[in-house]
Amino acid sequence: MTLPNDTSINKLVALICGLIFGAGLTVAQMVDPQKVINFLDIFGQWDASLAFVMGGGLIIYILGYHLLVRRMTKPIACNTFDLPSNKKVDNKLTIGAAIFGIGWGVAGICPGPALANLSLGNEKILVFILIMFVGMFVAKKVN
Amino acid sequence: MTEFTPFTALIGGLTIGFSALLLILLNGKIAGISGIFAQVFSKYPITLSWQVFFILGLIIGPLLVMPFGFSLPQQIDLSWPAIITGGFLVGFGSRYGSGCTSGHGICGIGRFSKRSIVATIIFMSSAIITVYLIRHIFGA
């Protein structure tokens, strides 16, 4: 079954966006766990590089979202914008974010870079993704 | 010690922002990797949804910039306990908190979402504290 927001065009767009995203993570070196941990180590030998990744990403997204997307009634290639409706800052959000941060600090790997690293077939990355999936599954169960 | 690389970091960041913007502009979707990844497995049997194609692109994407001298780390210098604990907490926390670095950190803050601003401040702080404890208190 083809959903109105999941046509062949939408899939092609998603593939291209994924390719660009993966390329960006690699150019930014966010795929390197040591680079990430050194960025988080602000009281040690701080490598501030990754602040520029977030800065660069935000400049484009803030401008594009507020100047273009917000003025559109629907996306270019489908019928509706699929945006989060929840506006409340609740315990789930804060506890989940805190736990995510601890995991990110421990390994220096977040979901995007984990997947971007998959092409090398590194066993540590494979296990990380597998366990990450288990964590997601448990989060869904406790939900 | 890693080298300070603001220029490539900025180029990479602009590229990531452009990808996320393209996804909402054309498909109306948030480029939150943890959410997209979780949705691939949200139903069984797994269908060839747009999420599958995004993840496929994400995995192949790094190969496109390799001819230009950019590379994935050849070796992951992390202990197995770090991989396992980190993996579980990243998976659990990103879903329980409805987002990760991409969904909250770029797309959410980019939309000026209060939830995402709060989430990003919290996970940046807890990550910084975690690295501080591991490196400078326990000296691992």
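## Chain B and its contact with chain A

Guide: This is a predicted model. Between chain B and chain A, the count of salt bridges is three.

Visitor: Which elements of chain B give two or more residues to the side that touches chain A, and which gives the largest share?
Guide: The elements that give two or more residues to this side are H1 (6–27), H2 (33–40), H3 (50–65), H4 (80–96), H5 (101–110) and H6 (114–137) of chain B. The largest share is 21 residues, and the helix it comes from is H1(B).

Visitor: How many residues does each chain bring to the contact, and what is the area buried between them?
Guide: Chain A brings 110 residues and chain B brings 105. Carbon and sulfur atoms give 77% of the area buried between the two chains. That area is about 10000 Å².

Visitor: How many residue pairs are in polar contact between chain B and chain A?
Guide: The count takes pairs in which both residues are at pLDDT 80 or more. Between chain B and chain A it comes to 25 residue pairs.

Visitor: How many salt bridges does a search of the whole structure find?
Guide: Side chains of opposite charge can pair when their charged atoms come close. The search covers all chains. The number of salt bridges it finds is four.

Visitor: Which residue of chain A forms a salt bridge with Arg135(B)?
Guide: The closest N and O atoms of this salt bridge are 2.8 Å apart. Arg135(B) is in helix H6 of chain B, and its partner is in the loop between helix H2 (33–40) and helix H3 (49–67) of chain A, so the pair crosses between chains. The partner is Asp41(A).

Visitor: Is Asp41(A) buried or exposed?
Guide: The cut-off for a buried residue is under 20% relative accessible area. Asp41(A) has 3% relative accessibility, so Asp41(A) counts as buried.

Visitor: What does Arg135(B) count as?
Guide: The class between buried, under 20%, and exposed, over 50%, is partly exposed. Arg135(B) has 25% relative accessibility, so Arg135(B) counts as partly exposed.

Visitor: How far apart are the closest N and O atoms in the salt bridge of Lys29(B) with Asp82(A)?
Guide: Lys29(B) is in the loop between H1 and H2 of chain B, and Asp82(A) is in the loop between H3 and helix H4 (91–107) of chain A. Lys29(B) counts as buried at 9% relative accessibility, while Asp82(A) counts as partly exposed at 42%. The closest N and O atoms of the pair are 3.1 Å apart.

Visitor: Which residue meets Asp90(A) in a salt bridge?
Guide: The N to O distance is 3.5 Å. Asp90(A) lies in the loop between H3 and H4 of chain A and its partner in helix H6 of chain B, so the pair joins two chains.

Visitor: How many disulfides does the structure hold?
Guide: A disulfide is a covalent bond between the sulfur atoms of two cysteines. Over all chains, the number of disulfides is zero.

Visitor: Which cysteine has the sulfur nearest to that of Cys78(A), and how far away is it?
Guide: Cys78(A) is buried, with a relative accessible area of 3%, and is in no disulfide. The nearest cysteine sulfur belongs to Cys17(A), at a distance of 12 Å.

Visitor: How many residues of H2(B) are buried?
Guide: The buried residues of H2(B) include Ile33(B), Phe37(B) and Val40(B). H2(B) has eight residues and is mostly covered, the number buried being six.

Visitor: What share of the residues of chain B count as buried?
Guide: Chain B has six helices and zero strands. Of its 140 residues, the share that count as buried is 56%.

Conventions
Residues are numbered from 1 along each chain as its sequence is written. Chains are lettered from A and ligands numbered from 1 in the order in which they are written. This is a predicted model: local features need pLDDT of at least 70, side-chain atom pairs count only at pLDDT 80 or more; totals for chains, interfaces and linings use all residues. Side-chain values use heavy atoms; hydrogens and water are left out. Contact means heavy atoms within 4.5 Å. Buried area is the accessible area (1.4 Å probe) that two parts lose on being put together, summed over both. A salt bridge is a side-chain nitrogen of Lys or Arg within 4 Å of a carboxyl oxygen of Asp or Glu. A polar contact is a pair of N or O atoms within 3.5 Å; within protein, one must be able to donate a hydrogen and the other to accept it, and residues adjacent in sequence count only if both atoms are side-chain atoms. Helices (H or I, at least four residues) and strands (E, at least two) are DSSP runs, numbered from the N terminus. Buried means under 20% relative accessible area, exposed over 50%, partly exposed in between (1.4 Å probe, protein chains only). A disulfide is a pair of cysteine sulfur atoms within 2.5 Å.
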